[in-house]
Amino acid sequence: EDDFQFILCEGCQQESPNLKLLNCLHTLCLGCLSENKPIGQCPVCRMAIPQASGIPDMDNLLFTNLQARLKVFKKIVDGVDLFCDNCKKAGEFWCSECEEFLCTKCYEAHQRYLKKESHDAKRLMGIRAGSAKDFLEGTRRTRNFSCSNPNHKSHNVSIYCKKCCKPLCCSCALLDSQHAPFCDIHSETQRRREELSTMRQELKQKRSAFEATYEVLQDEATRLEQAQQEMRELIHERVEQLVRLIRQEEEELLGLVEAQQEQGRRELARELQRVEGVLQRMEAGERLVEKMNLYATEQEVMDMQPFIKDSLEELQRLQPAAAGDRAQPGDLAECRARLEAL
């Protein structure tokens, strides 16, 4: 279970059949998105949700399909209600292509009539002896593309049209002259996997720059608190020497320090929040691409890759602010000057 916590909603940490992929590459269920609608931001990294409804258009097909496949695996491991989907006898086999349980007799008929279709029905005992990852890998290999033409859903697809960016069956490719040029669908899927992997490596390198900026900001926040404490002590020490004659000046100085420190604190908090959000988006991007490479079917890669690519490209365009470009908050020069004069 620990290996697959990533398929849960990142807001409530619960399973959901309706998971949405945000532009920041975090995944939330409809419940969390509805609760967060008045804010209009991702509750994880606080990036704005562009849709007015608060519900992104992109479904996280990878996570929802993994949830469904893992439920089948759990059902097989638990051994409860495993009946043949054809005759309702005790199920002994599982065909990941048909997504059906089969008894021994139906399995023999299945193998005889579908031997040319390369359906790989496995014994339930063998599935129980393996791991969830083995089961997912087996079902991942058997998932085929469906033609983009709704009338050809049953046709095998092995062609990709670069012009309309859709998978096609042979009938569509031959009969519709508008489709060209073509390439092998598996080659296109592999190209998209490699493209996402390359972007993940580039993002990993850029992430180090943001991590360094985040550490610098944290150090500045600590320094700001220390400077405030030191100045308060110095003010109290000097003012106490003059007792009542300078109580009014003491109050003014303290007020000035508090105002400057509060302003600096707010500025640092905003910058820390922004950089933290970017880091969380980068982490989500790396994690999602990694899980795509491990578990995504080719259909899922084809459906989700353009969306993920756009989000990763947006992250790549971000640059961390250089230390010299930021104003130094908490400058106590005015306060020190008045103190010296006093």
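**View 1. The crossing of helices α7 and α8 in the predicted model.** In this predicted model, helix α7 passes helix α8 in a left-handed crossing. The residues that form the contact of α7 with α8 divide into 21 nonpolar, 8 polar and 19 charged. Helix α7 covers residues 185-241 and helix α8 covers residues 247-295, and the two pack with their axes 8 Å apart, at an angle of about 165°. Since angles over 145 degrees count as roughly antiparallel, α7 and α8 are therefore roughly antiparallel to each other.

**View 2. The annotated coiled-coil region.** An unreviewed UniProt entry places the feature "coiled-coil region" at residues 186-285. In the model, the span of residues 186-285 is 95% helix and 0% strand, and its end C-alpha atoms lie 23 Å apart.

**View 3. Arg200 and its contacts.** Arg200 is found in helix α7, where, leaving aside its neighbours within four places in sequence, Arg200 is in contact with Glu286, Val289 and Glu290. The relative accessible area of Arg200 is 19%, and because buried means under 20% relative accessible area, Arg200 is classed as buried.

View 4. The feature "domain: RING-type" is placed by UniProt, in an unreviewed entry, at residues 9-46.

Terms used:
Residues numbered from 1 in each chain as written. Predicted model: local features only at pLDDT ≥ 70, side-chain atom pairs only at ≥ 80, totals over all residues. Heavy atoms only, no water. UniProt positions renumbered as here; feature names shortened; annotations may be inferred. Axes fitted to C-alpha atoms, helices over the stretch in contact; angles between N-to-C directions. Helix = DSSP H or I, 4+ residues; strand = E, 2+ residues; numbered from the N terminus. Parallel < 35°, antiparallel > 145°, perpendicular 65-115°, else oblique. Left-handed = near helix turned anticlockwise from the far one by under 90°. Nonpolar A, V, L, I, M, F, W, Y, C, P; charged D, E, K, R; others polar. Buried < 20%, exposed > 50% of the residue type's maximum accessible area, 1.4 Å probe, protein only. Contact = heavy atoms within 4.5 Å.
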